[in-house]
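Subject: Structure for your files

Dear colleague,

Here is the structure you will be working with. Please look through it first; my notes follow below.

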Amino acid sequence: MRRCVALWMIVLTVGCGASKKEAPPPPVKIVEPKPPQPDYFVHVVEWRGQTLGEIARWYTGKYDNWKKLARPVNPDLERCCVSLQVGRKVSIPRELVVRMEPMPKPQLKTRPAKPLVKAEPPAAPLGEAPSEEPPPEKPLGEAPSEEPPPAMPLGEAPSEAPPPPAPLSEAPSASSGPASGEVTFKGPTWQVVDAIAYPADDDTVEVALSSKPLNRKEFAKDGKVDTFDVMKHRMTTDASTLTLRIPPDGQLNCIDYSTDGGGGSSCGSAQSEGFRLGKRSDAAVSGSLAFADGSDKVNVRFDVPITRVVKRAGSPLPAGGGDPGKAVLATFAANLTGDFEKIKAVHPPEKLKQMEAALTDAQEKKMMLEFIKDTTPSKAKIVGGTVDGDAALVDFTGKSEGKTVKGTAEVQRIDGKWYVDSISTKE
């Protein structure tokens, strides 16, 4: 009996031990890392006539960068010069962006209204005879006393023909200003009325010819003249421009153009062979360009100083920048928080509308706020500037990506309050 009980206990113990199993570990979830998302700056088309090429030139500094904004960045965009639909968004890779200031809106063309009815001379007072009576009518059939001169026979030149254009080798007269000539290039024909020359990269000098007077006071805001000034001039005045890029060897390789029909760069033998350099020094440049290539015809001359530094208008700001300087520091402080509500509080109403229109998507809004934060200098100090009425230029220094940067902020006074309009920096 004891043996049976002992045997039963052994069996029970073994059985219990055999039935106890350890639970298997939970399955490991494999989470695939998400590929890094590209960082974009988003431009919203706000008026008709904007093209991918002009957007690339404004935000990246190079017209040819439109190719980098087409597929696959913006899958439905394939061409540089097609007018984009109002409201569409254009993504620009962050590494290409050199400025965030919104594209200025072109000035609308205005034409003087024609009178609907020919103005009549005032009537004489009642009862008073007019001072000059109209001449009596001629009897029917009688010829007038003074006959009009006979019409010029076809093909015969008038007695006083207009003077022929001056040869290209001749310098423009003093009355023609720094440049003169006529341009028909990728669009309508226009006359050159003004020009400016300035240094560019690799010791190249750029000569910008314009159909409208250049606003040198506007150019002086950052103390220098560059391609962006010419672009902004085109956009704000609706002027046609032709820019000649002259390298150190004096050979014209390419020209930039911008007209109602679009804009871009053109390089070819026609303009190279038609270019004549008169002089080039550190102080001035002169020459001419004349060629005909299909419907394109250019015949221009220029003799202009090379503008390296432009004196600002206005009076110096007080130490610390005064109220304009405070507006700059307040804007920087708000941008560095990454808080959209704080950023909105320091922006003017018009720019605030642009921001809100561009930031309708939550992901785009997050990326934009990060971009603003990353491109805003920290530890900023106001080091100078000028004020001219309701406009001020505030110079500052600060830190960006561990490097010391210098910059200038354009500040506008709107309804008694100062707002930052744009910021440019350089190391």
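What pLDDT does the protein chain average, and what share of the residues score at least 70? This is a predicted model, and the chain averages a pLDDT of 77, with 74% of the residues scoring at least 70. Where pLDDT is low, the predicted coordinates should not be read in detail.

A search of the whole structure finds one cavity of 30 Å³ or more. The volume of the largest cavity is about 170 Å³. It is lined by 16 residues, and the closest to its centre are Arg57, Met231, Arg234, Thr241 and Ser258. At least two lining residues each come from helix 2 (52-60), helix 5 (227-237), strand 7 (241-246) and strand 8 (254-259). Helix 5 supplies the largest share, five residues. Sorted by class, the lining has six nonpolar, five polar and five charged residues.

Ala283 sits in the loop between strand 10 (275-280) and strand 11 (284-293). Leaving aside residues up to four places away in sequence, Ala283 touches Pro305 and Ile306. From Ala283 to Arg308 the C-alpha to C-alpha distance is 8.9 Å, and the two are 25 residues apart in sequence.

Regards

Conventions. Residues numbered from 1 in each chain as written. Predicted model: local features only at pLDDT ≥ 70, side-chain atom pairs only at ≥ 80, totals over all residues. Heavy atoms only, no water. pLDDT = per-residue confidence, 0-100. Helix = DSSP H or I, 4+ residues; strand = E, 2+ residues; numbered from the N terminus. Contact = heavy atoms within 4.5 Å. 1 Å grid on protein atoms, 1.4 Å probe; cavity = no way out; pocket = protein on both sides within 12 Å on 5 of 7 lines; lining within 4 Å. Points joined across faces, edges and corners; volume = space filled by probe spheres on them. Nonpolar A, V, L, I, M, F, W, Y, C, P; charged D, E, K, R; others polar.
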